[in-house]
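Colleague: I am new to this structure. Please pick one part and take me through it closely.

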Amino acid sequence: MSSLTRYGWFVVIWVLTLSFQASLFSFSFSFSHSFISPYQYGYHISALNQLQAVLTCQHVVPGSSYGLPTCIPMSDATFSLVTSLFTVGGLLGSLSANLAMDRYGRKGASRISAVFNTAGAALSGVAVSIAPMALGRFLVGFAAGIGICISPIYLSEIAPPEIKGSLGVLTQLAIVIGILVTQTMGFGLATPTQWRLVLFMSSALSASQFLLAPAIVESPAYLNRNGLAAERKAVIRSLWGHQLGDARPDPEDLAEEPLLTSSNEVDVPHAEQTPAVTIPELLTSPEFRKPLLTIVFAMASQQLSGINAILYYSNNILSKSLPELAAYVSLGISVVNFLADLCPNIPD
C-alpha cells in the first residue's frame with residue numbers, strides 16, 4: 001500500500017504545527033509543516049489558563065525579573081477580555097485565510113500565520129502592561145485563524161488516498177495536543193519568573209516553522225491550478241515517492257475528495273468534477289440545506305456545551321471550590337479530551 005515518503009510526513013508535521021511536531025518527525029518532513037498551525041491553535045486556547053493566578057497578581061507580590069514585571073495586575077473581567085481577543089483575531093484570520101491561500105499558496109499562507117504567531121506570542125511574552133498583552137493575544141488569534149483553515153486543505157492536497165482518512169483527524173488531534181501541552185507546562189512554569197516562557201516557546205516554534213518553510217513544498221493541487229506542471233510533478237515525486245509519483249492519481253483530483261474518507265472508497269472513479277459551490281449558493285440551495293443545518297447544529301451544540309469556558313477559565317472556576325485540585329482537574333479534562341480524539345484513529 002502506497003503512502004507518503006519520509007519527506008512527505010515531515011511536511012504534514014510542519015503544517016499541523018499551524019493545528020506536535022517533534023514526536024512525529026521520524027515519519028516525515030511535509031507532515032511536520034502541517035502539524036504546527038493546529039498545534040499552535042490548541043496551544044494558545046489554554047496558554048493563559050494555568051497562568052492566570054500568577055499572571056494577574058492574584059497570589060503574587062508584584063516585582064521584577066530580568067527587567068520585566070513578575071505579573072500584570074488585572075481583574076477577572078479584564079483577563080476575560082484579553083483572553084477573548086484570541087477569538088476575535090481568529091475570526092478575522094479565518095476570514096482572511098482564503099485570500100492568503102489563493103494569492104500566496106498554501107505554504108505562503110502558512111508562513112504568514114507563522115509570522116503573526118511569532119510576533120504575537122513574543123509581544124505577550126515581553127508585555128509589561130495590559131495593552132501589549134491584549135495586542136499579542138489578538139495577533140496569535142489572527143495567526144491561529146489562518147492556520148486552522150490552511151491545515152485541512154493542505155493535508156487534503158498532499159495526502160495519498162490510501163491514508164487520507166487517517167490524516168483527516170490529525171488537525172483536531174494536533175489541537176488537543178496543544179491544549180494538553182500547555183496545561184502540563186503550567187505545573188512547572190506557572191511561577192512569577194517563568195510564566196513568560198510558555199509564550200516564548202510558542203514564538204520560537206513559529207519562528208522555526210518560518211525558517212523551515214524554504215524546505216517545504218507547495219501543494220501539488222495549487223501548482224496545478226496555476227499551470228506549474230513541471231513543479232507539480234517534482235512535488236508529487238518528493239511527497240509520494242520517485243518510483244510511484246508518475247503513476248499515482250493527480251492530487252488535483254484527490255483534493256476534490258473529502259479529507260475524512262474511508263480507505264475502501266478511494267478506488268471509486270470520479271464521474272465528473274463539479275464546479276465549486278459559492279457561499280451564497282450554499283446558503284440558498286435546497287440541496288445543501290439539510291447538511292448545512294446538521295453542521296450548524298453540531299457546531300452550536302459544541303459551543304453551548306461550555307467547553308470553551310472550561311478550556312479558557314477552568315482553573316479560575318474550579319479554584320473557588322477545589323483550590324488545591326483545580327490545576328489537576330483541568331489537566332484531567334485535557335487528557336480526556338485527548339483520548340477522545342484518539343478514537344477516530346483506532347483501527348476497526
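Modeller: Take helix 4 and its contact with helix 14: their axes come within 11 Å and cross at roughly 165°. Helices here are DSSP runs of H or I, at least four residues long, numbered from the N terminus. Axes are lines fitted to C-alpha atoms over the stretch in contact, with angles from 0 to 180 degrees between N-to-C directions. The model is predicted, so local features need pLDDT of at least 70, side-chain atom pairs count only at pLDDT 80 or more, and totals for chains, interfaces and linings use all residues. Residues are numbered from 1 along each chain as its sequence is written, and side-chain values use heavy atoms, without hydrogens or water.

The angle makes helix 4 roughly antiparallel to helix 14 (the term covers angles over 145 degrees).

Now look at the residues in contact (heavy atoms within 4.5 Å). On helix 4 they are Asp76, Phe79, Ser80, Thr83, Ser84, Phe86 and Thr87. They meet Tyr312, Tyr313 and Asn316 of helix 14. This contact has four nonpolar residues, five polar and one charged. Asp, Glu, Lys and Arg count as charged; Ala, Val, Leu, Ile, Met, Phe, Trp, Tyr, Cys and Pro as nonpolar; the others, Gly among them, as polar.

Helix 4 runs over residues 76-125. It also packs with helix 8, residues 196-212. The angle is about 155° and the axes are 8 Å apart. That makes helix 4 roughly antiparallel to helix 8. The crossing of helix 4 and helix 8 is left-handed. Helix 4 brings Arg111, Ala114, Val115, Asn117, Thr118, Ala121, Ala122, Ser124 and Gly125 to this contact. Helix 8 brings Arg196, Leu199, Phe200, Ser202, Ser203, Ser206, Ala207, Gln209 and Phe210. Here eight residues are nonpolar, eight polar and two charged.

Methods: Helices (H or I, at least four residues) and strands (E, at least two) are DSSP runs, numbered from the N terminus. Angles under 35 degrees count as roughly parallel, over 145 as roughly antiparallel, 65 to 115 as roughly perpendicular and the rest as oblique. A crossing is left-handed if the near helix is turned anticlockwise from the far one by less than a right angle, and right-handed if clockwise.
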